[in-house]
Every structure is written in structure tokens, then in C-alpha cells.
Amino acid sequence: MNTVFSANQITRTHTFSVPPKIEANQKWKYDAFLSFRGDDTRNNFVAHLYKRLQDIGINVFKDDVKLGREKFISTELLKAIEESRTAIIIFSEDYASSTWCLEELTMIMECVDKKEQKAYPVCYNVEPSEIFIETKSSSFAKALEKHREDFKANFEKFATKHEADLALRKKDETNHKNNLEKVQRWKDALHRAAGIAGLNVRKTANG
């Protein structure tokens with residue numbers, strides 16, 4: 001596969017070549033959107049990656065840099081994904097424990113289908129097989145199961161509290177069904193992203 005990042009440098013000769021600013025209709029606002037689990041990578045790998053991309057002229061969207069405090073974060077992030085020519089997905093051990101990371105990933109996969117966006121996964125201290133959820137012991141499989149359990153617990157708690165209110169119970173049943181379908185969409189998005197050629201940091205000479 002083509003190298004996304006070499007061991008010691010990031011070049012813009014292949015993956016991240018930037019179209020001329022005079023491109024008709026300016027389809028993309030950003031060259032790249034970084035999707036990552038902040039607790040895992042914000043102050044290490046992502047910080048270095050962001051700086052390197054900026055240094056070579058890549059216009060990158062990184063949530064804590066581009067978003068003002070007055071913005072409604074979820075709306076702004078979804079908009080930024082749609083406006084990015086490339087999405088770089090940093091898969092770390094706890095990526096799937098964040099429902100928002102999973103929502104980002106789902107949106108990215110939709111943009112790959114509908115907006116000709118490119119997606120490049122980076123496996124940071126995880127193996128692609130973990131993202132594929134080939135075993136129940138992977139952190140990604142455990143995270144999805146935890147989300148299912150949380151949705152189920154909330155559903156049962158609500159149902160017990162409003163047992164006498166048929167209308168609310170039916171509404172909660174619908175919400176629970178939607179949440180389970182959401183978990184399946186997350187799983188499908190993980191499978192798709194894991195199948196895209198990218199970079200496994202563990203297999204580089206210098207991650």
C-alpha cells in the first residue's frame with residue numbers, strides 16, 4: 001500500500017497533495033480532519049502529527065484548535081467533517097469507548113460514500129484485527145458491548161420508573177431500538193475503516 005506517513009517524516013507528495021486554492025467552487029474548507037480519542041493521543045501523537053501537517057502547509061481541523069468555546073461542539077464537528085477533503089482517523093485503545101468518536105467515524109464513512117472524501121486510518125498501539133472486532137477480547141469489542149449494556153440499563157431503568165405510562169414506555173422502546181441500531185452502525189463503520197489501507201504505527205521504525 002502507499003505510505004501515509006513515513007517513519008521520520010510526513011510528505012505531501014502522495015496522500016496529502018493540496019489542490020490549488022483557485023480550485024473552482026472551493027469544495028473543501030479543510031484539507032484534513034483529525035478524528036481521535038483525546039485522552040489517548042491529544043498531547044502526544046496527535047499533537048506532533050498536527051504540528052507536522054501544519055508545518056508543511058496542510059490545513060487541518062483539530063477540535064481544540066478550530067472550535068471556539070461559544071460553539072455547539074457536536075454541530076460544528078459534523079460540519080467540519082463534511083467540509084474536509086481527507087479524514088485521518090487515529091485508532092487508539094480507547095477510541096471506541098467514546099460514543100462521540102464513533103459518531104464522528106460513522107459520519108466520515110458516510111462522507112466517503114457521498115462526498116468523495118478520503119479516509120486514512122492510523123493504528124496507534126492497536127492492531128487492525130482489534131478494530132475488525134475479530135475477538136470479543138479486543139478493546140473495540142468490549143467498548144461496543146459496554147455501550148449496548150449502558151443503553152439496556154437506561155432502557156430498563158426508564159421502563160421501571162414509568163411502568164404505568166404506556167405512551168412513555170412505547171417511546172422508550174423506540175429509543176432503545178434506535179440505540180441498538182446505532183451500535184450496529186458503529187460496528188459497521190469500524191469494519192469499513194479497518195479495511196482501508198493506512199498506517200500501523202507499531203510497524204514503523206519510529207512511531
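User: Helices here are DSSP runs of H or I, at least four residues long, numbered from the N terminus. With that in mind, what follows α2?
Analyst: Happy to start there, and note that this is a predicted model. G57 follows α2, and its phi is positive, near 90 degrees.

User: Which residues of α2 are buried?
Analyst: In helix α2, residues 45-55, the buried ones are F45, V46, L49, Y50 and L53.

User: Where do they sit around the axis?
Analyst: They lie on the same side of α2, because the arc they cover around the axis is only 120 degrees.

User: Let's move on to K62. Where is it?
Analyst: K62 is in the loop between β2 (60-61) and α3 (63-66).

User: Buried or exposed?
Analyst: K62 is buried: its relative accessible area is 6%, and the cut-off for buried is under 20%.

User: Which residues does K62 touch?
Analyst: Setting aside residues up to four places away in sequence, K62 touches L34, F36, R42, V46 and Y50.

User: Can you zoom out? How many helices and strands are there?
Analyst: The protein has eight helices and five strands. Starting at the N terminus, the elements run β-α-α-β-α-α-β-α-β-α-α-α-β.

User: In what order do the strands sit in the sheet?
Analyst: The five strands make an open sheet in the order β2-β1-β3-β4-β5, with parallel pairing. The edge strands are β2 and β5 (199-200), each of which pairs on one side only.

User: How many bridges does β3 make with β1?
Analyst: Strand β1, residues 30-35, pairs with β3 over five bridges, in the parallel sense. Within that pairing, L34 has I88 of β3 as its bridge partner, and S35 has I89.

User: What about β3 with β4?
Analyst: That pair is also described as parallel, over six bridges, with β4 spanning residues 118-123. One spot to look at is F91, which stands opposite C123 in β4.

User: How many residues of β3 are buried?
Analyst: Eight of the eight residues in β3 (residues 84-91) are buried, so the strand is largely enclosed by the rest of the structure. Across the protein, buried residues make up 41% of the 207 residues.

User: How much of the contact set comes from residues 24 or more positions apart?
Analyst: Among contacts with a separation of 6 or more, such residues account for 76%.

User: K115 next. Where is it found?
Analyst: K115 is found in the loop between α5 (99-114) and β4. K115 counts as partly exposed, at 30% relative accessibility.

User: Which residues is it in contact with?
Analyst: Apart from neighbours within four places in sequence, K115 is in contact with K27, W28 and E82. K115 and K27 are 88 residues apart along the chain, yet their C-alpha atoms are separated by 9.7 Å.

User: And I196, where does that lie?
Analyst: I196 lies in the loop between α8 and β5. I196 counts as partly exposed, with a relative accessibility of 28%.

User: What does I196 touch?
Analyst: Not counting residues up to four places away in sequence, I196 touches M109, A119 and P121. From I196 to P121 the C-alpha distance is 6.9 Å, although the two are 75 residues apart in sequence.

User: Last topic: α7 and α8. At what angle do their axes cross?
Analyst: The axes of α7 (residues 139-161) and α8 (residues 166-194) cross at roughly 175 degrees and come within 9 Å. The two helices are therefore roughly antiparallel to each other, given that angles over 145 degrees count that way.

User: Which residues make the contact?
Analyst: On α7 they include F140, L144, H147, R148 and F151. On α8 they include L168, D172, H176, V183 and W186.

User: How do the contact residues divide by type?
Analyst: The contact of α7 with α8 has 10 nonpolar, three polar and five charged residues.

How values were computed:
Residues are numbered from 1 along each chain as its sequence is written. This is a predicted model: local features need pLDDT of at least 70, side-chain atom pairs count only at pLDDT 80 or more; totals for chains, interfaces and linings use all residues. Side-chain values use heavy atoms; hydrogens and water are left out. Buried means under 20% relative accessible area, exposed over 50%, partly exposed in between (1.4 Å probe, protein chains only). Contact means heavy atoms within 4.5 Å. Axes are lines fitted to C-alpha atoms, for helices over the stretch in contact, and angles run from 0 to 180 degrees between N-to-C directions. Angles under 35 degrees count as roughly parallel, over 145 as roughly antiparallel, 65 to 115 as roughly perpendicular and the rest as oblique. Ala, Val, Leu, Ile, Met, Phe, Trp, Tyr, Cys and Pro count as nonpolar, Asp, Glu, Lys and Arg as charged, and the others, Gly among them, as polar. The arc is that of the directions from the helix axis to the C-beta atoms. Two strands pair if DSSP finds at least two bridges between them.
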